[in-house]
Amino acid sequence: MKKLLWIGLILLNIHVNGMMMEFDDMEWYTDFNGTKMFDTENDVFSEAKFPMVGLTLIQSAAAKGAVCLDGSLPGYHLHRGFGSGASNWLVQLEGGGWCDTVRNCVYRKTSRRGSSSYMEKEIPFTGILSNQAAENPDFYNWNRVKVRYCDGGSFSGDSENKAAQLQFRGMRIWLAAMEDLMAKGMRQAKQALLSGCSAGGLAVILRCDDFGKLFPPSTRVKCLSDAGFFLDAIDVSGGRSLRRLYAGVVKLQNLQTKLPQDCVNRLNPTSCFFPQNLINQVKTPLFILNAAYDSWQIQESLAPKSADPSGSWNDCRLNYAKCTASQIQFLQGFRTHMVNLVKGFAMPSKNGVFLNSCFAHCQTERHDTWFAKNSPAVKNKGIAVAVGDWYFERGGAKLIDCAYPCDKTCHNLVFR
């Protein structure tokens, strides 16, 4: 079974002047200094086969203070549905990490993750956003939207830093985008799905019930979080690297006033930015799709360079095949933690789970992992089929893989 390879200088994260910047959330292609560098062993990516969808800036957003980090207008890409899907809507929240300090956010606002001035004018719609039935059988003819991410706080903040000229308006961007889409026909949706990957997957969990409240009870509304199940896990040094990052985001953007109140009443605000403390309170049907050995979390939460000054994890964090037996044992503990955390969530019939034992991150937006002949599968059911079965209530959708190395269908990510 072919393994997914990334060649050249592709890295999941780029460290610029010591600042963590997530690199494209493992989208289908990566653009490094203007050069496309994504490849697989047997298939070279071609943009020609996918629709290129233009950027729409939300003109009404400025008057509402719904702006990107730099004060520019937020935006989205909309590809209209047709036929039997013309009244159905899929809204995808873009991912792209977070910024946890003023310095990081100031840098971020000079990129597409903080300013629409730097966003692509067109992007390819692939995977769950594809308009081809052969590549996306359940959602190909829906109205499909990708909401761009430019607030650095998973569409959750509502504050500012005047001294640094930073706007943390993720919540306002969310509201402005939803209002604009509702006016363009989403108000009449018969079926709706909110999805997102990575930081967008976390945003889905945070905004899921808000999305559900937009529609009448007659509308089928559900949410899909892809690679958004970030764990409050202990890193290789015994510390909690991701907790430190999240604490910075929560404090900088004053998120404690915007996080779910029932969580903040029980736990500290930083804990309420972690999905494990939120998922059981989400009322709208929710599907969690995650790799049990999430490659982003391995690199930036479990074994970041800051927690590994000796470099003993360098090889393992970039290539799972180079992990030692003790390192694999550590990663098995992370998988066990993830599995245990979703068991209670998976019990209600309304919820769905797909945890595969792959070294991957974001599997809905790439055609090879979403719905291809050799896409990853658990119990012979691929990701797109599992999501479709759950959404349309066609069958079981509680799929948890056996531990590594049993799964031979994975498209494991390797960085070199």
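Modeller: Welcome! The model is predicted, so local features need pLDDT of at least 70 and side-chain atom pairs count only at pLDDT 80 or more, while totals for chains, interfaces and linings use all residues. Residues are numbered from 1 along each chain as its sequence is written, and side-chain values use heavy atoms, with hydrogens and water left out.

Biologist: Thanks! What makes α6 roughly perpendicular to α8?

Modeller: Helix α6 (residues 295-302) packs against helix α8 (residues 325-346) at an angle of about 110 degrees, and their axes are 12 Å apart. Angles of 65 to 115 degrees count as roughly perpendicular, under 35 as roughly parallel, over 145 as roughly antiparallel and the rest as oblique. The α6 and α8 pair is therefore roughly perpendicular. The crossing of α6 and α8 is right-handed, a word used if the near helix is turned clockwise from the far one by less than a right angle, with left-handed for anticlockwise.

Biologist: Which residues make the contact?

Modeller: Gln 297, Ile 298 and Leu 302 come from α6, and Phe 330, Leu 331, Phe 334 and Met 338 from α8. Contact here means heavy atoms within 4.5 Å. By class, the contact of α6 with α8 has 6 nonpolar residues, 1 polar and no charged ones.

Biologist: Why is the pair of Trp 142 and Phe 392 called edge-to-face?

Modeller: A pair of aromatic rings is described by the distance of the centres and the angle of the planes. Rings of Phe, Tyr and Trp (its six-membered ring) pair if their centres lie within 6.5 Å; planes under 30 degrees apart count as stacked, over 60 as edge-to-face and the rest as tilted. Trp 142 and Phe 392 are 6.4 Å apart, centre to centre, with 90 degrees between the planes, and that makes the pair edge-to-face. The search of the whole structure finds 24 aromatic pairs.

Biologist: What does the pair of Trp 142 and Phe 392 tie together?

Modeller: Trp 142 lies in the loop between β8 (122-124) and β9 (143-147), and Phe 392 in the loop between α10 (383-391) and β18 (398-400), so the pair ties together parts 250 residues apart in sequence.

Biologist: How do you know whether Trp 142 is buried or exposed?

Modeller: Its relative accessible area is 1%. Buried means under 20%, exposed over 50% and partly exposed in between (1.4 Å probe, protein chains only). Trp 142 is therefore buried.

Biologist: What makes Phe 230 and Trp 296 an edge-to-face pair?

Modeller: Their ring centres are 5.4 Å apart and their planes stand at 80 degrees, so this pair is edge-to-face. Phe 230 is buried, and so is Trp 296. These two also belong to one aromatic cluster with Trp 98, Tyr 246, Phe 273 and Phe 274.

Biologist: Why is Asn 380 called exposed?

Modeller: Its relative accessibility is 81%, so Asn 380 counts as exposed, whereas Ser 154, at 0%, counts as buried.

Biologist: Where is there a cis peptide bond?

Modeller: A cis peptide bond joins Tyr 404 and Pro 405, with omega about 15 degrees. Pro 405 sits in the segment after β18.

Key. Axes are lines fitted to C-alpha atoms, for helices over the stretch in contact, and angles run from 0 to 180 degrees between N-to-C directions. Helices (H or I, at least four residues) and strands (E, at least two) are DSSP runs, numbered from the N terminus. Ala, Val, Leu, Ile, Met, Phe, Trp, Tyr, Cys and Pro count as nonpolar, Asp, Glu, Lys and Arg as charged, and the others, Gly among them, as polar.
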